[in-house]
Amino acid sequence: MADADASLPALADAVATIVREAAAMAFARWHTAFARWEKAPGEPVCEVDLDVDTLLHRRLAALVPDAGWLSEETADNPQRLARRRVWVVDPIDGTRDYIRGRPGWCVSVALVEDGRPVIGVLDAPARDEVWRAVAGGGTTRNGARIIAGGRMALAGARAPVDALPKADRDLVAVEKPNSIALRIAMIAADRADLVATLRWGNEWDIAAAVLLASEAGASVSDALGAPLLFNKPDPRAYGVLVSVAGIHAAAVERLATRARAAIG
């Protein structure tokens, strides 16, 4: 692991302070009356998402004025593609849990530089958890350093899912927060061993979390085993596969055939 850029830890402190403010605002309005609707079938959003997005955009833009912006709740501006650094933000990852009054949501912020996250912060106030990572500097949860597990066998691996498909019943289902960022963070903290999706996903869902996982020693790829890059013209990837390092190759082998079939 390379040494962290000397300027990144101080910047990460400032980012965490801003994310804490945003998370506190969201937490204060949790379990209250607020407007909610669907952007598309199965894609809930609420007014708190938008308010958190506005706060983060204002504060983070002032912190790093030359950085672009990519957020789930802001219309995409292709000018970000000309920027070396870009904020990649999900104001409330796990909106479905937020709306239902469940704790599986967080505010997710990453600073991406040259296509790769260099700062990642997840703030989950309903779970009393703050996750931070800096490229080359490791991962912490509530200030304590965390390391992913050392499992070497895919069978028996813990996966945060509601139910396991028949083909994967040699795995072990564990708690599944609605936020995919929190599910990935579970691997960084040795609370799970494998998170895998076989669908198109967005950069803002995973940018901060994949840095948390990789800095904790986990392996990260798309569903076919290829590296994940960020701030792409189309800010999506087909699937995400995050696991403890010892089972990643076996997980790719199991999932790649399904992924290719799904992509067509």
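**Ground rules.** I'm working from a predicted model, where local features need pLDDT of at least 70, side-chain atom pairs count only at pLDDT 80 or more, and totals for chains, interfaces and linings use all residues. Residues are numbered from 1 along each chain as its sequence is written, and side-chain values use heavy atoms, with hydrogens and water left out.

**Entry: the hairpin.** I looked up β1 and β2 and found a hairpin with two residues between the strands. Helices (H or I, at least four residues) and strands (E, at least two) are DSSP runs, numbered from the N terminus. β1 covers residues 36-40 and β2 covers residues 43-46; they pair in the antiparallel sense over four bridges. Two strands count as paired if DSSP finds at least two bridges between them. I noted that glutamate 38 has proline 44 in β2 as its bridge partner. In the turn, glycine 42 has a positive phi of about 80°.

**Entry: two helices.** How do the axes of α1 and α2 (residues 47-63) cross? I found that they come within 10 Å and cross at roughly 160°. Axes here are lines fitted to C-alpha atoms, for helices over the stretch in contact, with angles from 0 to 180 degrees between N-to-C directions. That crossing makes α1 roughly antiparallel to α2 (under 35 degrees is roughly parallel, over 145 roughly antiparallel, 65 to 115 roughly perpendicular, the rest oblique).

**Entry: aromatic pairs.** Rings of Phe, Tyr and Trp (its six-membered ring) pair if their centres lie within 6.5 Å; planes under 30 degrees apart are stacked, over 60 edge-to-face, and the rest tilted. I got five aromatic pairs by this rule. Phenylalanine 34 and tyrosine 98 make a tilted pair, 5.5 Å centre to centre with 35° between the planes. This pair links distant parts of the chain, 64 residues apart: phenylalanine 34 is in the loop between α1 (7-29) and β1, and tyrosine 98 is in helix α3 (residues 95-100). For the record, buried means under 20% relative accessible area, exposed over 50%, and partly exposed in between (1.4 Å probe, protein chains only).

Next I checked tryptophan 200 and tyrosine 238, an edge-to-face pair, 5.4 Å centre to centre with 75° between the planes. Tryptophan 200 lies in β12 (residues 194-202) and tyrosine 238 in β14 (residues 236-244), 38 residues apart. Here tryptophan 200 is partly exposed at 46%, whereas tyrosine 238 is buried at 10%.

I also wrote down one aromatic cluster, formed by Phe27, Trp30, Phe34, Tyr98 and Trp105.

**Entry: charges over rings.** The charged end of arginine 36 sits over the phenylalanine 34 ring, 4.4 Å from its centre. The rule wants NZ of Lys or CZ of Arg within 6 Å of the ring centre and within 35 degrees of the ring normal. Arginine 236 likewise has its charged end over the ring of tryptophan 200, 4.6 Å from the centre.

Entry: Aspartate 128 isn't a glycine, but its phi is positive, about 55°. I found aspartate 128 in the loop between β6 (116-124) and β7 (129-134), exposed at 60% relative accessibility.
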